[in-house]
Amino acid sequence: MRDYTVGGPSAATAASQGLVEADWFKPRVDREAMRAMMQRNDLWAGLHVASWFAALGITGWLGHLAWGSWWAVPAFAAYGLLYGSMSDSRWHECGHRTAFRTKWMNDVVYFIASFMVFREPESWRWSHARHHSDTIIVGRDNEISFKREIPVFRYVLEMVGITGVFVELKKLLRNAVGIFPADQRDYQPEDTLKISTWSSRVYLLVIVAVFGLAIALRSFEPLMYAVLPSLYGRYYMLILGVTQHAGLAEDVTDHRLNTRTIYMGPINRWIYWNMNYHIEHHLYPSVPFHQLKRLHHTVKAELPAPYPSLWSALREAVSALRKQARDESFFIRRELPVANPAQ
């Protein structure tokens with residue numbers, strides 16, 4: 001099996017091959033057009049976040065009204081998706097600090113969404129920065145979620161957080177007492193580790209408080225609103241996430257070869273915050289979510305053909321993962337535009 005350990009033997013191999021913080025392919029974009037697309041907007045981001053919180057409030061209230069009946073099942077299924085899956089895209093965009101023009105607005109939403117998606121915020125901010133500088137470079141990228149020679153059923157279990165949430169819980173407990181493993185230290189600067197310690201303590205305190213409230217009320221209901229939605233509402237995050245990079249090339253310096261762009265309908269784009277334009281996001285991560293469609297039309301002549309639907313990308317990714325479980329050398333080769341070959 002390939003060693004995916006961050007900072008492990010594969011990292012040295014990647015460095016020797018010139019893959020660490022390398023020069024990546026960039027399409028040609030007019031400077032003034034790019035400057036316009038990089039403009040952030042507090043109002044636009046605020047309306048999107050407000051619509052998300054409103055949907056959480058409505059479905060959560062319906063779940064409360066229906067508590068004790070079967071009507072609670074669809075209410076909390078919707079609430080869980082909004083909490084445990086939709087939080088991922090808000091975590092992601094606000095982690096980049098590109099959603100809002102105002103920095104603190106990004107950070108507030110990021111801190112809340114990090115708890116919902118069950119990630120310690122400071123370490124994941126640096127993990128994601130590494131994901132962008134060394135995307136799917138084995139031994140460097142901490143966010144290679146879909147690895148080769150892994151049985152597909154393990155990813156099915158991950159749809160309810162069987163592995164990921166409990167790994168992150170262990171990380172919260174370690175960081176809360178100042179223990180930071182070597183892989184985390186590889187991508188996270190030393191002077192930010194104390195922030196991770198305090199963030200972990202705050203998150204653990206909130207978790208304990210939610211359990212304490214459930215015990216005091218002698219009701220399971222409080223856990224359905226916080227903590228547990230990170231498990232039962234996680235499934236759609238995995239469905240969307242598997243389409244980003246799974247089954248594509250590793251150890252290349254061209255996002256067109258290791259990332260997918262997918263056409264989606266308005267509901268999925270609202271849930272996903274336009275991250276379906278994922279090649280475009282990796283090419284220019286400073287472009288905010290509401291400009292990604294415009295960026296796509298600007299550069300699409302130099303990109304592989306977009307997938308026509310979520311289903312088409314999902315079908316290809318799952319099929320590739322099944323093949324990679326038996327053959328680690330298999331990967332999907334994207335066809336690049338002939339007039340603009342990869343650099």
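A charge is said to sit over a ring if NZ of Lys or CZ of Arg is within 6 Å of the ring centre and within 35 degrees of the ring normal. By that rule, the charged end of Arg119 sits over the ring of Trp124, at 4.8 Å from its centre. The charged end of Arg201 likewise sits over the ring of Trp198, with 4.6 Å to the centre.

The model is predicted, so local features need pLDDT of at least 70 and side-chain atom pairs count only at pLDDT 80 or more, while totals for chains, interfaces and linings use all residues. Residues are numbered from 1 along each chain as its sequence is written, and side-chain values use heavy atoms, with hydrogens and water left out.

Helices here are DSSP runs (H or I, at least four residues; strands are E, at least two), numbered from the N terminus. The expected span of a helix is 1.5 Å times one less than its number of residues. Helix α4 covers residues 72-95, and its 24 residues should span 34 Å; the C-alpha atoms at its ends are 33 Å apart, which agrees. After α4 comes Arg97, whose phi is positive, near 60°.

How much of α4 is enclosed by the rest of the structure? A residue is called buried under 20% relative accessible area, exposed over 50%, and partly exposed in between (1.4 Å probe, protein chains only). Of the 24 residues of α4, 20 are buried, so the helix is largely enclosed by the rest of the structure.

Rings of Phe, Tyr and Trp (its six-membered ring) pair if their centres lie within 6.5 Å; planes under 30 degrees apart count as stacked, over 60 as edge-to-face and the rest as tilted. The structure holds 13 aromatic pairs. One of them joins Trp67 and Phe76, edge-to-face, with 5.9 Å from centre to centre and 80° between the planes. Phe76 also pairs with Tyr79: their ring centres are 6.2 Å apart and their planes are at 80°, so this pair is edge-to-face. Phe76 and Tyr79 are three residues apart in helix α4, and therefore about one helical turn separates them. An α-helix has 3.6 residues a turn, so residues three or four places apart point the same way. Both Phe76 and Tyr79 are buried, Phe76 with a relative accessible area of 3%. Trp67, at 35% relative accessibility, counts as partly exposed. Together with Tyr83 and Tyr225, the residues Trp67, Phe76 and Tyr79 form one aromatic cluster.

The next region is the loop between α6 (121-133) and α7 (152-158), where Lys147 has its place. Asp134 and Ile136 lie in that loop between α6 and α7 too. Asp134 counts as buried because its relative accessibility is 0%. Its side chain reaches the backbone nitrogen of Glu21 at 2.7 Å, a polar contact (a pair of N or O atoms within 3.5 Å; within protein, one must be able to donate a hydrogen and the other to accept it, and residues adjacent in sequence count only if both atoms are side-chain atoms). Contact in general means heavy atoms within 4.5 Å. Leaving aside residues up to four places away in sequence, Asp134 touches Leu19, Val20, Glu21, Trp24, Arg140 and Asp141.

Ile136 is buried as well, with a relative accessible area of 5%, and has a positive phi of about 55° although it is not a glycine. Lys147, by contrast, is partly exposed, at 29% relative accessible area. The side chain of Lys147 reaches the backbone oxygen of Ile144 at 2.7 Å. With residues up to four places away in sequence not counted, Lys147 touches Tyr4 and Tyr155. The C-alpha atoms of Lys147 and Gly247 are separated by 8.4 Å, although these residues are 100 residues apart along the chain.

Helix α7 also meets helix α18. The 15 residues of α18 (residues 310-324) reach 21 Å from first C-alpha to last, close to the 21 Å expected at 1.5 Å a residue. Among the buried residues of α18 are Leu310, Leu314, Ala317 and Leu321. The buried residues of this helix pack against α7, α13 (235-245) and α15 (266-272).

Asn274 is in the loop between α15 and α16 (278-283). This residue is buried, with a relative accessible area of 13%, and its phi is near 65°, a positive value in a residue other than glycine.
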